[in-house]
Amino acid sequence: MTRVVHPIEQESFRRLRARLDTSHFAPLTRAVVERVIHSAADLEYATDLVTDEDALVAAHAALHAGAPVVTDVEMVAAGITKRETVCRLKDAKSHAGMTRSAHAIRLAYEQVGPGALWVIGCAPTALEELLVLDASPALVIGLPVGFVGAAESKAALRESGLPAVSNVSEKGGSAVAAAALNALLYHPAPARPPHRTNETTDEAIKESP
């Protein structure tokens with residue numbers, strides 16, 4: 001289904017591009033950077049975000065092939081459109097050595113297994129828990145916010161070598177995390193080549209020199 005873009009959003013992106021040249025970014029990186037900036041009205045994300053185009057290409061393919069999407073909190077889930085998400089925070093409980101957010105990540109992994117896209121925009125402890133699991137994610141969007149543990153957890157994500165979107169500073173949050181995932185959702189999937197029947201293939205062979 002083609003997404004209908006509201007005129008207000010079109011004008012917002014026009015103004016963004018008038019103030020910031022994003023043409024040098026690779027296609028999916030540009031999509032993520034622009035939508036994150038759009039969600040926060042914060043141009044500094046252009047230099048604060050850390051992305052990898054190859055990781056985004058693989059994650060984009062996984063997402064459009066139906067890979068599960070897991071969020072750390074309902075606020076992130078609410079911001080993701082056109083896709084069902086998994087959030088286990090309501091079922092989670094805190095206990096000695098584990099926050100409720102971390103427990104929710106563990107419960108979600110038990111549900112979805114490897115290959116999911118994880119979108120963390122609130123709790124640094126959720127990101128920390130994901131990093132100790134053998135989750136084999138398609139992508140980790142790690143953009144938790146806060147003065148305690150946020151920057152450190154994102155640095156640990158980058159050091160892990162997992163495919164990821166993160167940022168260097170303490171800022172982040174549910175809106176920007178959801179925006180990064182939406183950028184991949186909204187970016188069109190490559191068109192599939194037309195299916196060729198055996199008859200068509202046979203005719204091509206006959207006609208080839």
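**Figure 1. Aromatic pairs and a charge over a ring.** The count of aromatic pairs comes to zero, where rings of Phe, Tyr and Trp (its six-membered ring) pair if their centres lie within 6.5 Å. The charged end of Lys171, by contrast, is placed over the ring of Tyr45, 4.7 Å from the ring centre; a charge sits over a ring if NZ of Lys or CZ of Arg is within 6 Å of the ring centre and within 35 degrees of the ring normal. This is a predicted model, in which local features need pLDDT of at least 70, side-chain atom pairs count only at pLDDT 80 or more, and totals for chains, interfaces and linings use all residues. Residues are numbered from 1 along each chain as its sequence is written, and side-chain values use heavy atoms, with hydrogens and water left out.

**Figure 2. The loop residue Ala41.** Although not a glycine, Ala41 has a positive phi of about 50°. Ala41 belongs to the loop between helix H2 (27-40) and helix H3 (45-48); helices (H or I, at least four residues) and strands (E, at least two) are DSSP runs, numbered from the N terminus. With a relative accessible area of 74%, Ala41 is exposed (buried means under 20% relative accessible area, exposed over 50%, partly exposed in between; 1.4 Å probe, protein chains only).

**Figure 3. Ser136 and Ala138 in the loop between H7 and E4****.** Ser136, also not a glycine, has a positive phi of about 45° and is partly exposed, at 44% relative accessible area. Ala138 counts as buried, at 17%. Beyond neighbours within four places in sequence, Ala138 is in contact (heavy atoms within 4.5 Å) with Ala59, Ala62, Gly115, Ala116, Leu117 and Pro163. A separation of 8.0 Å lies between the C-alpha atoms of Ala138 and Pro114, which are 24 residues apart along the chain.

Conventions. Phe/Tyr/Trp six-rings, centres within 6.5 Å; stacked < 30°, edge-to-face > 60°.
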